[in-house]
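Hello,

Here is the structure you were going to look at. My notes come after it.

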Amino acid sequence: MVTARPGYIGIDIGGTNLRLALVDDQGHIICEQRRKTEIYAGKEVFFHHLDESFRVIRGEGGTAGVWPKAVGVGVPGLIANDGLVHVSVNLPALDGVNLRDALVDLTGLPVVVANDVNACAYGEMQFGVGRSFASFLMVTLGTGVGGGLILNNRLWTGVDGVAGEFGHMTVEPGGRSCACGNRGCLEQYASATAIVAVARELIANRQQSLVGVSSGEITPEILAEIARGGNDAARRIFTEAARYLGIAAASVANLLNLEAIILGGGVAGSFDLLQHPLEEEIISRAFPIPGKRLKVLRSQLGNDGGMLGAAALAMALDASRLPSLPSR
Ligand SMILES: [Zn+2]
């Protein structure tokens, strides 16, 4: 007979994919469900997908002898500490929805909801490279630039739940306009979107250096391969992105004197191209003590980070270790 042991459901809600996993207290994935979010079909369809996924996960978990005790959710956007989705650009149907209350009703389990990058940060702290540190900043480099702040082994979400928006720190006062309403946000210089836009501009200007690559096929991964192959123009695009990251990171180092900055998200696959210019920029701008202290590392959890982080939040909720994120 299988002995029942506790598990935690982690949900990573993305603009495209909806991923759920039942995770044990060591961070091992017991079973997993992956579906399309299909948020354009409305929130009823979305909650139906979630409900079906829960049934499958609970069934498979039961067979493995693992029973979910709590649910954690990572969702992109500005999320209040009580689970209310203020604004989610990728999931507009959830704007104004209290996701925690909706999922408590759906599952009958305690639920905690957090911003997706905050969940990633928590995952790195619990199961990833962040285990070695008490205070660090998680940064995700994808379509946008996200941030999640761990201070003294606690997630800092701010008084309203919306802290950690590293991607919207100003790095060019009169710079490119940002969807948030500001100009010159880091996200406009260091996200996958920004890197591709700069490359396309070079191609459109018929820069000899990027000849042979068509504008339509360019991705950060392809550009990174070209850079590693010795192409200076491609390498400079990553160096520039890293410099802007370093400008913002140096301010964070001076302000918070953290131990590490951990890079995740798709562009972190180009960590080898980003690390040195980023470190140099931090050292050149920050005070020596916090600048040298701040290690630049790559995330260990990769694509599973959001899901594992959400499960880690559920585990913390179950153990009553989340005073800043009230649950129901
Ligand atoms: Zn912005």
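This is a predicted model: local features need pLDDT of at least 70, side-chain atom pairs count only at pLDDT 80 or more; totals for chains, interfaces and linings use all residues.

Residues are numbered from 1 along each chain as its sequence is written, and side-chain values use heavy atoms, with hydrogens and water left out.

Whole chain. The protein chain has ten helices and twelve strands (DSSP runs numbered from the N terminus: H or I of at least four residues for helices, E of at least two for strands). Its radius of gyration, 20 Å, is close to the 20 Å that the globule rule gives for 328 residues, so the chain is as compact as a globular protein of that length. The radius is taken over C-alpha atoms, and the rule is 2.2 Å times the number of residues to the power 0.38. The C-alpha trace spans about 65 × 45 × 40 Å along its principal axes.

Domains. Domain 1 covers 5-123 + 304-318 and domain 2 covers 129-299; the bounds come from an automatic or database domain assignment. Their centres, taken over C-alpha atoms, are separated by 27 Å. In the interface, 13 residues of domain 1 are in contact (heavy atoms within 4.5 Å) with 17 residues of domain 2. The two domains bury about 1000 Å² between them, 60% of it on carbon and sulfur atoms; buried area is the accessible area (1.4 Å probe) lost on putting two parts together, summed over both. Val 117, Asn 118 and Ala 121 supply 46% of the area that domain 1 buries against domain 2, more than any other three residues.

Salt bridges. The term means a side-chain nitrogen of Lys or Arg within 4 Å of a carboxyl oxygen of Asp or Glu. By this rule the count comes to 13, with zero between domain 1 and domain 2. Arg 5 lies in strand 1 (residues 5-13) and Asp 24 in the loop between strand 2 (17-23) and strand 3 (29-36), so the pair ties together parts that are 19 residues apart in sequence.

Regards
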